[in-house]
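Please read the following note alongside the model. The points are grouped by topic and can be taken in order.

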Amino acid sequence: YFNRSYGVTLNLFKSLKMFYRFSRSKQKFLRGIEPDSLWAYLSHTVRLDYEWKWSRTSFEYADVSSTQTPLESWKVSEILFFRPAKTMHLNLMASVGETRFKELDKGNDTDRYQNYKANLQTKLSPRRMLSFETFFNKISGVVNRTQDAGFSSIFEWKYNIYNGFVNYTYSNEKNLSSRETFINHIFMIKIKRELF
């Protein structure tokens with residue numbers, strides 16, 4: 001394989017960031033029986049980030065030419081940062097986008113998705129932290145048709161050389177194509193000992 005990747009980042013006025021990345025990978029035939037086709041990959045990615053006070057707006061576009069899954073995609077996302085109290089942080093996130101699969105017939109070649117998330121963190125004491133998160137994701141299109149929603153909570157604490165957390169997560173996952181629903185409950189306890 002022969003791989004190349006380049007990237008450049010430009011910061012303007014301390015609030016606008018522009019990023020471009022070029023990636024190329026190509027399979028070379030050296031000896032033996034030559035395959036019917038050699039693997040090749042080429043991508044161009046452009047991203048813009050704009051930050052203003054308590055918000056961040058992002059736009060990303062990618063164009064991928066590949067012998068496996070050539071596609072074109074774009075995504076717009078927004079994050080809002082709030083601090084309701086001195087020891088509390090609230091983040092609201094939303095994004096929408098599309099992925100077009102170049103090898104499929106026009107008009108039946110696009111997946112559209114949307115994602116929403118809210119996260120609240122509060123510091124109960126210098127050694128205790130409590131956080132809550134809720135989310136909703138949906139993909140509708142020709143390749144994927146899914147929807148999932150849920151929430152999670154995490155309690156973290158420190159005591160001398162011990163760190164621990166208790167996590168509970170609930171999720172409701174739906175496959176809109178097969179009409180299947182999966183409900184998950186995950187409860188986890190972790191305690192870690194740090195000597196240094």
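Predicted model: local features only at pLDDT ≥ 70, side-chain atom pairs only at ≥ 80, totals over all residues.

1. Aromatic pairs come first. Seven of them turn up in a search of the whole structure. In one, Trp54 and Phe82 are stacked, with 5.8 Å from centre to centre and 25° between the planes. Trp54 sits in the loop between strand E3 (40-52) and strand E4 (55-66), while Phe82 belongs to strand E5 (residues 71-85), so this pair ties together parts that are 28 residues apart in sequence. Trp54 is partly exposed at 42% relative accessibility, and Phe82 is partly exposed as well, at 33%.

2. Another stacked pair is made by Phe155 and Trp157: the ring centres are 5.8 Å apart and the planes are at 25°, an angle under the 30 degrees that counts as stacked. Phe155 has a relative accessibility of 27% and is partly exposed. Trp157 is partly exposed too, with a relative accessible area of 25%.

3. Trp54 and Phe82 also belong to an aromatic cluster, together with Trp52.

4. How many salt bridges are there? The count comes to seven. One of them joins the side chains of Arg47 and Asp49, at 3.1 Å from N to O. Arg47 is partly exposed, with 26% relative accessibility, whereas Asp49 is buried, with a relative accessible area of 14%.

5. Arg47 has a salt bridge with Glu60 as well, where the closest N and O atoms are 2.9 Å apart. Since Glu60 lies in strand E4 and Arg47 in strand E3, this pair ties together parts that are 13 residues apart in sequence. Glu60 is partly exposed at 26% relative accessibility.

6. A further salt bridge is formed by Arg112 and Glu98, with the closest N and O atoms 3.1 Å apart. Arg112 is in strand E7 and Glu98 in strand E6 (residues 88-101), so that the pair links distant parts of the chain, 14 residues apart. Arg112 is partly exposed, at 44% relative accessible area, and Glu98 is partly exposed, at 24%.

7. Thr45 is in strand E3 and is buried, with a relative accessible area of 6%, under the 20% cut-off. Leaving out residues up to four places away in sequence, Thr45 touches Phe19, Tyr20, Arg21, Glu60, Tyr61 and Ala62. Glu60 in this list is also the salt-bridge partner of Arg47.

8. Lys14 is placed in the loop between strand E1 (2-12) and strand E2 (16-26). Its relative accessible area is 89%, and Lys14 is exposed. The C-alpha atoms of Lys14 and Lys86 are separated by 26 Å, the two residues being 72 residues apart along the chain.

9. Which residues lie nearest the centre of the largest pocket? They are Glu156, Trp157, Lys158, Asn163 and Gly164, out of 14 residues that line the pocket. Two or more lining residues come from each of strand E7 (110-125), strand E8 (128-141), strand E9 (146-159), strand E10 (162-175) and strand E11 (180-193). The largest pocket holds about 240 Å³ of space. By class, its lining has seven charged, four nonpolar and three polar residues.

How values were computed: Residues numbered from 1 in each chain as written. Heavy atoms only, no water. Phe/Tyr/Trp six-rings, centres within 6.5 Å; stacked < 30°, edge-to-face > 60°. Helix = DSSP H or I, 4+ residues; strand = E, 2+ residues; numbered from the N terminus. Buried < 20%, exposed > 50% of the residue type's maximum accessible area, 1.4 Å probe, protein only. 1 Å grid on protein atoms, 1.4 Å probe; cavity = no way out; pocket = protein on both sides within 12 Å on 5 of 7 lines; lining within 4 Å. Points joined across faces, edges and corners; volume = space filled by probe spheres on them. Nonpolar A, V, L, I, M, F, W, Y, C, P; charged D, E, K, R; others polar. Contact = heavy atoms within 4.5 Å. Salt bridge = Lys/Arg side-chain N within 4 Å of Asp/Glu carboxyl O.
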